[in-house]
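Here's a quick briefing to read alongside the structure. Have a look at the fold first, then come back for the details.

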Amino acid sequence: TEEAAPVAAVEAPSKFVALNSAEGLTLRWIAPAATDGLTGYNVEIRANGKGDWNVIATVPADQLTQSVTKSDTSGWTQFRVTSVYADGQSASATVFGIPGVFA
């Protein structure tokens, strides 16, 4: 297998926000300035700020939103979006939490 050439600059997405939608939330972010080698984003959640992060979506570099469904009003969910680069490097945007259970 060939290894990807190292990416010179790795940056996290910026302005990562959640907007209310009929089913739950629409997560939205701005692409990083460092796009050379950017292959996409991992959208992750973690219940109540504990345990491992779970990838709920892997989206291409040109997709800057992801919908999540609210299934319960108890507890809270942390969200993060991570830029993923061709050489395996990644960078995560600032994490935030929202009341409720999402998937």
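The largest nonpolar core has 19 residues, and Phe16, Leu27, Trp29, Phe79 and Val81 have the most contacts inside it. Strands S2 (24–30), S3 (38–47), S4 (54–60), S5 (65–85) and S7 (96–102) each put in at least two residues of this core. Keep in mind that this is a predicted model: local features need pLDDT of at least 70, side-chain atom pairs count only at pLDDT 80 or more, and totals for chains, interfaces and linings use all residues. Numbering runs from 1 along each chain as its sequence is written, and side-chain values use heavy atoms, with hydrogens and water left out.

**Core**
- A nonpolar core here means buried Ala, Val, Leu, Ile, Met, Phe, Trp, Tyr and Cys residues joined through side-chain atoms within 4.5 Å; buried is under 20% relative accessible area (1.4 Å probe, protein chains only).
- Leaving out residues up to four places away in sequence, Phe79 touches (heavy atoms within 4.5 Å) residues including Phe16, Leu27, Glu44, Trp53 and Phe102.

**Salt bridge**
- The count comes to one salt bridge, taken as a Lys or Arg side-chain nitrogen within 4 Å of an Asp or Glu carboxyl oxygen.
- Glu44 and Arg80 form a salt bridge at 2.8 Å, N to O.
- Glu44 sits in strand S3 and Arg80 in strand S5, so the pair ties together parts 36 residues apart in sequence.
- Glu44 counts as buried, at 8% relative accessibility.

**Overall fold**
- The protein has zero helices and seven strands, with strands being DSSP E runs of at least two residues and helices H or I runs of at least four.
- Buried residues make up 34% of the 103 residues.

Conventions. Buried < 20%, exposed > 50% of the residue type's maximum accessible area, 1.4 Å probe, protein only.
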